[in-house]
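Hello,

Here is the structure I promised to pass on to you. Please have a look at it first, and then read on for what turned up.

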Amino acid sequence: MISQHNIQALASWLPAERRPIVISGPCSAETEEQVMQTARLLSDIPQVKIFRAGVWKPRTRPDSFEGVGEKGLRWLQRVRAETGLLTTVEVATPQHVELALKYGIDILWIGARTVSNPFSVQEVAAAMQGIANPVMVKNPVSPDLNLWIGALERIYKAGVQKMAAIHRGFYFFTKSPYRNAPMWEVPIELMRRFPNLPVFTDPSHICGNRHMLADIAQKAMDLEMNGLMIESHVHPEKALSDAQQQITPQTLRKLISGLMIRKEKGEETFESKLELLRSEIDKIDAELLEILARRLDIVSEIGKYKKENNITILQIKRWRNIIKERLADGTGRGMDETFLRHILELVHSESIRIQNEIMNR
Ligand code: PEP
Ligand code: MN
């Protein structure tokens, strides 16, 4: 287990006067010019302390741009020398770790797909044995807090004490405005369990677009995350990966200066408690809708069955029983009778409408 006392406070390895600490840079290193131009502009933004770029890119489909590889590390070395920014790169294999260290990359990060696989994490952790570099661990693709903690533990057991977590959202099966649903309750629970562990939010991979970045960044600040990882590119629309979500350094500067930094880190705040409760409500509403949809599906099935067998739609005796039983059940759970009646009648009349439609086909 990770001992709280052994996780080094962020301030010991990343001095910053105030939140947010910003990690920025392109999704992928593409050319030396793109990397250097982006880095120079970013280094003028006081909150940007760390320059990111992927040189090995995990892509969903083969034959997309998979990163420039080792030569990109040389460009990052130049960024460090010429701008003074710290550098970070995604590592997914022991060989990546070795190369990143060889080129003096300051901070390593493990991506969402790698974190999803404990075999890979274990291999990468073994390659990190005893290093002094900080390591940042993104959340796994699915909202599995234990998998995230497990990856942090494997890294920690390799002797790494400078750790941070990056919240980049989660794959969610239903339609959502986000590329990866934020599910704030997951990082909040991580922060509750590991109060010393710095947590960054990555609005770029949560949103998958440019226009929602500021809202997510603001929310992360209201929930007292330590910092942000936001992708930035001198020509976002021409980016070879994640073109829809990258912003120029100029836009990033505006985004950061528009943030309201409300409170310092402290006890569990009003905002984070409220957010937990709201995300509970979101989940329950999703369940309610799913159950309602399932109910209406069965109603249609009954409708078809009645049609085949020439039976009337409304069977008043059955309906009277439903009302009586459901009211007893609901009032027994402390709900108001009039409210229950309204809901039952609404659901019933929708059921009849659906069955009528079936009968008249
Ligand atoms: C990235 O940061 O570019 C990336 C691939 O992110 P993730 O691992 O969160 O998908
Ligand atoms: Mn990306």
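**What turned up**

Let me begin with histidine 205, which counts as buried because its relative accessibility is 9%, under the 20% cut-off for that label. Please keep in mind throughout that this is a predicted model.

The manganese ion (ligand 2) has four protein donors listed by atom: Cys27 (SG), His205 (NE2), Glu231 (OE) and Asp242 (OD), at 2.1 to 2.4 Å from the ion. Along the chain, these donor residues follow the spacing C-x177-H-x25-E-x10-D. Histidine 205 belongs to helix 9 (residues 203-207) and glutamate 231 to strand 8 (residues 227-231), so this pair ties together parts that are 26 residues apart in sequence. Is glutamate 231 buried or exposed? Glutamate 231 counts as buried, since its relative accessibility is 0%.

Next, the other ligand. Ligand 1 has 13 residues around it, and those that come nearest are Arg52, Lys57, Ala112, Lys138 and Arg168. By type, the shell around ligand 1 consists of 7 charged, 4 nonpolar and 2 polar residues. Which contacts with N or O atoms does ligand 1 make? In the side chain of arginine 52, an N or O atom is 2.7 Å from an oxygen atom of ligand 1. Alanine 112 takes part through its backbone, with an N or O atom 2.9 Å from a ligand 1 oxygen. For arginine 113 it is again the side chain, where an N or O atom is 3.3 Å from an oxygen of ligand 1. On its own, ligand 1 has 300 Å² of accessible area, and the protein covers 97% of that.

Two further residues are worth a look while you have the model open.

Threonine 38 sits in helix 2 (residues 32-43). Threonine 38 counts as buried because its relative accessibility is 0%. Its side chain reaches the backbone nitrogen of valine 234 at 3.5 Å. Leaving aside residues up to four places away in sequence, threonine 38 touches Pro26, Phe51, Ser232, His233, Val234 and Pro249.

Leucine 85 is found in the loop between helix 3 (70-83) and strand 3 (86-90). With a relative accessible area of 4%, leucine 85 is buried too. Which residues does leucine 85 touch, not counting those up to four places away in sequence? They are Ala39, Ser43, Val48, Lys49, Ile50, Phe51, Val79, Arg80 and Asp106. Of these, lysine 49 is 36 residues from leucine 85 in sequence, yet their C-alpha atoms are 5.7 Å apart in space. Phe51 is on the contact list of threonine 38 and also on that of leucine 85.

Finally, the protein as a whole. Its secondary structure comprises 14 helices and 8 strands, and its C-alpha atoms fill a box of roughly 80 × 45 × 40 Å along the principal axes. Of the 361 residues, 48% are buried. Taking contacts between residues at least 6 apart in sequence, 74% join residues at least 24 apart. The accessible surface of the protein is about 18,800 Å², with 53% of it belonging to carbon and sulfur atoms.

Terms used
Residues numbered from 1 in each chain as written. Chains lettered and ligands numbered in written order. Predicted model: local features only at pLDDT ≥ 70, side-chain atom pairs only at ≥ 80, totals over all residues. Heavy atoms only, no water. Near = heavy atom within 4 Å. Polar contact = N/O pair within 3.5 Å; in protein donor to acceptor, adjacent residues only side chain to side chain. Areas by Shrake-Rupley, 256 points an atom, 1.4 Å probe, with all protein chains shown as cover. Nonpolar A, V, L, I, M, F, W, Y, C, P; charged D, E, K, R; others polar. Donors = N, O, S within 2.8 Å, 3.2 Å for Na, K, Ca; no water. Helix = DSSP H or I, 4+ residues; strand = E, 2+ residues; numbered from the N terminus. Buried < 20%, exposed > 50% of the residue type's maximum accessible area, 1.4 Å probe, protein only. Contact = heavy atoms within 4.5 Å.
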